[in-house]
Amino acid sequence: MFSLAAADFVRFLSALVVLLAAANVLGYVAEKLAVPRVIGEVAGGLLLGPTCLGFLFPQAFHWLFLGFSSESDLFGLVYQLGMILLLYTAGLKFQSRFAKTDVKIGIAIIIGSTVIPFIVGWLSTYLFNPAQFLGPAHNVIALKIVVAISIAVTSIPVIAKIFSDLGIMHSRFAKIVVAIAGVHDLILWVALAIASGMVSAGTGHIDPWTVSKSLIITFAFLAVCIVVVPWGLRRITSKRANFLFRASFLGYFLVILFALADIAGYLKVDVMYGALLAGIATKFALPESLYKRLETGISGISFAFFIPLYFAIVGLQLNLAKHFSVGFFILYLIFATIVQSVVVYVTCRLVKTDKRTSFNFAAAMNARGGPGIVLSSVAFSLGIINQDFFAILVMLALMTSWMAGSWLRYVLRKGWPLMPGDENLVLRRAQEEVVLDGTLVPVQSHTHRKV
């Protein structure tokens with residue numbers, strides 16, 4: 001019943017091998033160049049997709065990735081699994097606590113970098129014709145929500161990876177930014193869930209009943225995942241009668257992940273929102289020892305296989321030769337960067353933060369990375385946006401992440417403190433090399449890499 005012809009399976013494996021190798025090799029090259037790894041992984045897909053291989057050798061591209069009718073469905077499955085695991089690992093990094101001395105600046109940045117950029121992003125849709133970027137759903141309101149989120153969103157995985165590579169994850173600055181990004185993105189995912197609910201309901205305008213229903217369901221699901229699920233997990237996970245946990249440690253938490261994602265889908269919230277909340281719920285439920293064990297296990301397979309393939313398939317879907325407006329992208333990049341940076345900078349100054357620290361926060365919060373790409377992926381799959389705007393949002397996420405990492409590295413090289421209390425930080429190499437059997441082998445400076 002569940003079968004695939006041997007020749008088709010071999011062809012799919014060939015495509016998978018080529019794509020995975022390109023993603024990992026170019027991701028490694030990106031890290032050696034002090035560039036976020038996600039940029040290299042997406043570049044692997046661009047190289048093998050319609051932008052390069054498909055443009056120069058269309059028959060080879062078609063043979064490799066469109067060789068039989070169900071091949072695109074198989075890649076779609078890998079793509080969705082990679083996205084779910086990316087959101088789950090982002091949820092596992094969620095930090096909800098600030099040091100008492102940092103509560104003021106943290107709350108101020110969360111409010112400022114969420115509300116104001118979102119409103120400015122919404123209003124910006126009156127400066128251009130959003131209809132040119134509408135997807136098959138033809139929902140202008142949902143498109144405006146996506147535009148607003150794209151201006152405001154910040155990446156937990158990318159910024160955490162940048163801090164990890166620089167060797168400053170323990171710093172006061174890094175802890176504040178990661179905590180802010182977690183709360184900040186959770187709020188923005190509520191907005192995306194509302195847009196998803198509007199599309200599912202087929203509402204093309206602001207219907208108070210539809211919006212109210214989406215808000216109630218979304219916040220109820222959020223409350224259950226953050227309060228009820230962790231409470232339940234703390235009480236049943238280590239019980240002797242919990243045979244699933246005893247049978248498979250990772251299998252148990254994967255069941256929870258996919259169950260919550262599935263429930264979110266049935267509630268018409270969003271499957272990916274369920275995956276994010278599953279990670280947060282798990283983080284809240286586990287003691288430190290079990291949390292570290294879970295993070296180590298889930299990161300191993302996710303960041304070696306599924307997540308690199310997810311980003312490579314994102315690149316594979318882009319056709320920058322045909323579906324990309326360079327002029328509009330440059331204007332959008334400048335606009336998004338200025339809005340987020342200025343808002344964060346001014347917010348920090350209002351709470352009496354010095355100029356240099358304020359600028360560093362502004363640069364860090366501008367990194368859109370993985371969540372920015374997931375936003376574009378979800379919006380594209382729901383039919384909210386078309387391929388042209390999908391490409392613009394992906395490139396926006398990549399460029400802003402590159403800019404943020406470059407600035408923070410520059411600050412450390414200059415010997416400047418990121419903020420008071422972070423003096424004497426030492427810049428760490430992203431990777432080291434060791435000799436193994438007479439061969440130089442690259443070793444991550446941390447046990448697990450993040451996108």
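Mentor: Here is a look at helix H13 and its packing against H5.

This is a predicted model, where local features need pLDDT of at least 70, side-chain atom pairs count only at pLDDT 80 or more, and totals for chains, interfaces and linings use all residues. Residues are numbered from 1 along each chain as its sequence is written, and side-chain values use heavy atoms, with hydrogens and water left out.

H13 covers residues 271-285; helices here are DSSP runs (H or I, at least four residues), numbered from the N terminus. Its 15 residues reach 21 Å from first C-alpha to last, close to the 21 Å expected at 1.5 Å a residue (1.5 Å times one less than the number of residues). Of those 15 residues, 13 are buried, so H13 is largely enclosed by the rest of the structure; buried means under 20% relative accessible area, with a 1.4 Å probe and protein chains only.

Now for the partner, H5, residues 71-92. H5 and H13 pack at about 35°, their axes 7 Å apart; axes are lines fitted to C-alpha atoms over the stretch in contact, and angles run from 0 to 180 degrees between N-to-C directions. On the H5 side, the residues that meet H13 include Gln80, Met83, Leu87 and Tyr88, and H13 brings, among them, Val271, Met272, Leu276 and Lys283. Contact means heavy atoms within 4.5 Å. The residues of this contact split into 12 nonpolar, 4 polar and 1 charged; Ala, Val, Leu, Ile, Met, Phe, Trp, Tyr, Cys and Pro count as nonpolar, Asp, Glu, Lys and Arg as charged, and the others, Gly among them, as polar.

Terms used
Helix = DSSP H or I, 4+ residues; strand = E, 2+ residues; numbered from the N terminus. Buried < 20%, exposed > 50% of the residue type's maximum accessible area, 1.4 Å probe, protein only.
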